[in-house]
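I set out below what I looked up, entry by entry.

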Amino acid sequence: MLNMLLSQVLDLMTPVLLAAMAGALCERAGVFNIALEGKMLVGAFVAVATSVAFGSPVLAVLSAVLCTAIFASPLALGGARLGGDPIVIGIGLNLLASGLTTYLLGAIFGVTGTLVDPSVTALPRFGFAALADVPVLGAILGHNALVYLSWLLVLVFNIYLFRTPWGLRLRGIGEVPSAAAAMGANVSRYQTAIVILAGGLCGLAGAQLALGSVALFAENMTAGRGWIAVVAVMLGRAHPLGIALACLGFGLADAVGLRLQGQGLPNQITDIAPYAITLLAMIGLGLRVMKKKTKSV
Amino acid sequence: MIAGALDTKSRLAAILFSIAAAVVLGGLVVGLTGANPVSVYLEIAKGAVLGRGLDETLARSVPLVGMALAAAIALRAGLVNLGGDGQMLIGGLAAALVALYLPVPGAARAVLALAAAICAGGLYAWLAAILQLNLGIPFLIASLLFSYIARGLTSYLVRYPLRDPATGMPETYRVASGARLPAHIFDLPVSMAMVIMVVVAVVVVVNDRSGVNGFEWRMTGLNARFAQYSGVDLSRQTQRVAFLSGAMAGLVGALLILGQQYRFTDGALLAPGYTWSGLMAAVLAMASPIATIVTSVFFAALQVGGFSMERALGLPAVLTWVLQALIILCLAARPILFRKR
């Protein structure tokens with residue numbers, strides 16, 4: 001029972017974690033990225049559309065990464081390079097993603113609402129039936145490759161950001177761009193590359209959302225998860241480990257909500273849970289920061 | 001950039017360029033899905049003005065202008081209000097509750113319902129402003145998270161405690177005819193909601209052009225620190241602007257409930273996407289109220305044309321949503337194409 005819950009938490013948190021990693025990299029590079037929601041949606045759509053066309057989950061994930069990276073290029077070029085307002089571009093990309101996926105769903109597949117197709121299969125899970133009942137270990141095993149990749153990325157980004165010269169340069173670019181430029185770092189090239197890389201990560205997030213636990217695409221299926229990822233970046237202070245913790249909390253709220261729904265609680269109430277809890281966490285963090293401030297004064 | 005320091009002429013050039021570029025890009029999308037872009041655009045243009053198109057465009061303009069002004073009021077002062085959906089829902093629900101349950105005679109009920117919606121929507125946005133001012137949670141994020149909460153809360157309320165069991169839908173009882181806003185005034189093709197929106201829009205424009213408030217908000221939007229040095233109380237101003245932006249959204253919710261839908265149906269207020277279209281119209285207009293009114297009527301026409309195109313050609317009407325987003329992206333990308341070397 002506890003194993004099932006934990007396993008569900010790990011599945012549910014993965015798309016948010018991947019998108020939040022993308023957001024964290026952008027944040028560290030000094031680009032406010034609020035387009036995570038839209039990019040995730042594009043990733044989910046491309047993953048399912050590719051599955052329908054070729055029936056290959058590997059190809060689906062790869063094309064989701066590629067297309068979402070391309071989709072992110074307006075933010076990379078406009079927001080990072082020259083004078084474009086990243087908030088306006090972010091809003092534009094989110095709405096474009098929502099409109100474009102719905103339009104293509106109708107224009108290509110003749111479908112409104114949800115696209116299910118026998119050729120769309122969920123990503124394969126690595127199961128060890130013998131160990132499934134071992135507490136905790138059983139819950140950690142048995143997920144698909146993207147779940148483990150997301151954990152690996154948390155570690156990789158942690159090392160990259162805080163233990164390598166490139167990471168140091170990236171943080172410098174985000175914190176004091178003029179100083180980084182004076183040191184010889186090409187600020188806009190760095191930012192462009194990071195935003196496109198973040199696009200690819202959001203593609204992974206979308207693929208996990210569409211092909212992880214379910215195997216379908218639904219209009220606006222991200223349902224705010226990209227925004228939760230934006231908040232997770234704030235809660236985790238753009239630190240990979242902190243973000244992973246915030247996403248774990250979100251996954252827990254989501255999974256418990258789903259459980260309570262099964263117990264007969266109206267799903268309108270449980271749907272609120274992830275947003276209410278993220279908001280409460282932000283309020284708690286804000287209160288702590290405020291207390292510290294008044295103490296130091 | 002949002003509040004735009006451009007003069008009128010270059011602003012107009014920017015808007016026209018963005019629309020033209022989006023039409024070309026949208027045409028590519030249509031072409032790639034195997035349809036003829038020229039006939040698609042022709043159907044959209046015809047549908048927006050011919051036959052019943054003009055009436056529908058006007059009707060759709062009322063909520064769209066309202067939500068666009070709600071976004072513009074905030075943008076003008078440098079706030080990005082992404083929570084219009086939530087404020088509209090809370091306002092609409094407040095209006096429905098007063099119109100359904102307050103024991104006063106008809107017309108007074110309608111007036112009180114409008115007032116309740118304005119207060120409720122305003123307070124809901126004010127709450128998000130308080131979080132930004134006191135706890136450092138960005139208004140943009142807080143207002144959006146509040147939207148999701150409002151959506152779940154209103155959905156629950158109209159599905160369970162407030163539900164009219166006689167209909168199969170998740171909706172409240174119908175508002176009594178005395179408390180509704182008339183759809184025609186003196187048998188003219190003008191609804192009460194339209195009149196109210198025109199009056200409100202005029203107030204917003206006049207305040208922006210010649211009010212002290214309007215001047216201070218614009219100054220803050222362009223340079224908050226400068227405004228503060230000039231003696232503007234930024235905290236009080238942020239609270240006030242957030243309240244007014246939310247109040248406008250709440251009013252739109254009430255106008256839709258009392259003047260068109262006559263009951264609060266789950267999902268009905270948000271389905272047309274007024275909040276986001278309005279936000280895009282305000283961004284396109286660079287938050288100038290007069291320009292915002294023009295761009296939001298244009299977007300209303302575009303959407304009405306889209307529905308007519310869908311009926312005629314069978315392509316999804318959501319194409320117009322794609323066009324709106326492309327317009328905004330082209331506007332944001334414009335400095336890159338036309339940068340001075």
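How many residues does the contact take from chain A and from chain B? I noted 42 residues from chain A and 39 residues from chain B; the model is a predicted one.

I then looked up which helices build the chain A side. At least two residues each come from α4 (73–81), α5 (86–109), α11 (225–235) and α13 (267–296) of chain A. The largest share of that side, 15 residues, is supplied by α5(A). Sorted by class, the side of chain A that touches chain B holds 28 nonpolar, 11 polar and 3 charged residues.

Next I turned to a helix pair within chain A. I found that α1 (residues 2–28) of chain A packs against α11(A) at an angle of about 50 degrees, the axes being 8 Å apart. The crossing of α1(A) past α11(A) is right-handed. Residues making the contact include P15(A), A19(A) and G23(A) of α1(A), and G226(A), A229(A) and V233(A) of α11(A). I recorded 10 nonpolar, 2 polar and 2 charged residues for this contact.

Last, I examined chain B as a whole. Its secondary structure comprises 13 helices and 0 strands. For 341 residues a compact globule would have a radius of gyration near 20 Å, and the 20 Å of chain B therefore agrees. Along the principal axes, the C-alpha atoms of chain B fill a box of roughly 65 × 55 × 40 Å. I noted that 55% of the 341 residues of chain B count as buried. Of the contacts in chain B between residues at least 6 apart in sequence, 75% join residues at least 24 apart.

Methods
Residues numbered from 1 in each chain as written. Chains lettered and ligands numbered in written order. Predicted model: local features only at pLDDT ≥ 70, side-chain atom pairs only at ≥ 80, totals over all residues. Contact = placed C-beta atoms within 7 Å. Helix = DSSP H or I, 4+ residues; strand = E, 2+ residues; numbered from the N terminus. Nonpolar A, V, L, I, M, F, W, Y, C, P; charged D, E, K, R; others polar. Axes fitted to C-alpha atoms, helices over the stretch in contact; angles between N-to-C directions. Left-handed = near helix turned anticlockwise from the far one by under 90°. Rg over C-alpha atoms; globule rule 2.2 N^0.38 Å. Buried ≥ 20, exposed ≤ 12 C-beta atoms within 10 Å, placed from the backbone.
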